[in-house]
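Reader: I have a model to study. Can you take me through a few of its residues?

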Amino acid sequence: MKPVYLTAEPGPFALREALVAREQEALLRRRIPTEGASGARLRVGGCDYLNFSANDYLGLGSHEAIKTAFKAGVDRYGAGSGASPLVTGYSRAHQALEEQIADWLGLEAVLLFNCGFSANQAVLKALLGKDHLLWQDRLNHASLQEMGSQLPCKMRRFAHNDMAALERQLEPNRGLIVSEGVFSMDGDQGPWRELAALAAQSGNWLMIDDAHGIGVLGPEGRGTLAAQGVDPACVHIQMGTFGKALGVAGAFVGGSRTLVDYLVNFARPYVYSTHMPAAQACAVSASIVLVREADEARAHLGSLIARFRQGASQLGWTLGASETPIQPLLVGESVPALALSGRLRERGLWVGAIRPPTVPAGTARLRITLCAAHSAQDVDRLLDGLGPCQGAALCPAPAGESHHA
């Protein structure tokens with residue numbers, strides 16, 4: 001039953017009116033509690049579903065080795081960290097994880113954060129002053145876009161993956177270029193050879209947000225840069241998360257030792273936040289061991305992606321230009337996207353409809369995510385549920401802004 005909102009509320013904030021407007025536009029969000037783990041399968045309201053909405057790309061969220069490491073970490077360090085990292089919240093487990101990530105990705109040093117949103121905002125706020133410039137891809141994560149708009153520096157956004165547009169905007173030695181490894185709503189990749197070349201030519205720093213690439217792409221799951229053959233030394237700042245392919249939670253920022261030491265002293269979200277639990281760091285460490293050895297799982301995932309794309313194309317559906325686990329099935333408007341999601345749910349398939357403002361108006365979609373724990377039969381069941389496209393309300397490939405976190 002839909003909630004009934006009053007048309008007015010006393011005080012200076014028009015909260016109910018805003019909610020009513022969202023509901024009338026088919027854009028109101030409501031949380032749905034799940035039961036148990038959210039992997040290739042999902043249980044909601046006592047019903048079981050095939051889950052095509054999670055970011056657990058390698059299916060590691062329920063892996064016994066990770067759960068065992070988490071439990072052992074709780075036994076040794078307790079359930080929390082007890083303080084910020086500059087007080088007593090930094091443990092041997094945190095230190096060991098930072099060193100492990102640096103070795104894995106070929107970085108000089110690494111710093112841990114509670115989440116990717118915090119990590120992105122911490123970096124931009126700590127580095128950029130009023131005399132700097134910030135260049136961002138228009139489809140960057142909301143954490144980057146939001147912080148960029150709040151900084152004293154000028155932010156310039158370039159058309160998605162348009163290197164000619166970026167080159168026209170660049171000024172020498174003025175600041176930071178930021179883009180994604182894998183874009184969260186479209187699933188395509190940034191052109192990192194070209195980005196690295198432009199950064200080097202212009203004397204500006206370069207940052208990659210590889211939240212959706214780490215663990216999935218490249219040998220040993222080292223991410224987008226490894227997959228594209230880009231030397232990590234060409235990218236001054238790397239950000240990645242542990243809550244997607246690694247199946248846990250948290251994030252890191254990596255680069256030079258000087259960068260990390262600077263952030264330890266000047267990144268306010270790091271200095272003033274209670275650190276991630278040491279037990280969580282133990283779980284992430286166990287996950288990285290699995291990820292580095294998961295080439296077979298990544299190959300299986302690649303075969304599922306190809307199977308889905310071929311099948312959906314034969315059914316007449318419009319897909320984004322993605323070869324990653326994120327497969328946007330483009331619908332156009334919010335109402336038919338919600339209806340298609342609901343139809344799939346009735347058939348035991350959990351697929352979320354993504355609507356504005358997360359994606360630009362007119363590009364509502366199903367954001368289908370595949371994982372290594374799916375089988376070929378699972379993908380076929382999804383294709384059967386989608387059925388032939390009826391051609392209504394479809395839109396062209398996405399363009400414009402994305403505000404996903």
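Reader: Is Ser184 buried or exposed?
Author: This is a predicted model, where local features need pLDDT of at least 70, side-chain atom pairs count only at pLDDT 80 or more, and totals for chains, interfaces and linings use all residues. Residues are numbered from 1 along each chain as its sequence is written, and side-chain values use heavy atoms, leaving out hydrogens and water. Buried means under 20% relative accessible area, exposed over 50%, and partly exposed in between (1.4 Å probe, protein chains only). Ser184 has a relative accessible area of 2%, so the residue is buried.

Reader: Which side chain makes a polar contact with the side chain of His212?
Author: His212 is buried too, with a relative accessible area of 2%. A polar contact is a pair of N or O atoms within 3.5 Å; within protein, one must be able to donate a hydrogen and the other to accept it, and residues adjacent in sequence count only if both atoms are side-chain atoms. At 2.8 Å from the side chain of His212, the partner is Tyr57.

Reader: Are the rings of Tyr262 and Phe266 stacked or edge-to-face?
Author: Rings of Phe, Tyr and Trp (its six-membered ring) pair if their centres lie within 6.5 Å; planes under 30 degrees apart count as stacked, over 60 as edge-to-face and the rest as tilted. The structure holds 4 aromatic pairs. In this one, the centres are 4.5 Å apart and the planes of Tyr262 and Phe266 are at 25 degrees, so the pair is stacked.

Reader: Is Tyr262 buried or partly exposed?
Author: Its relative accessibility is 32%. Tyr262 therefore counts as partly exposed.
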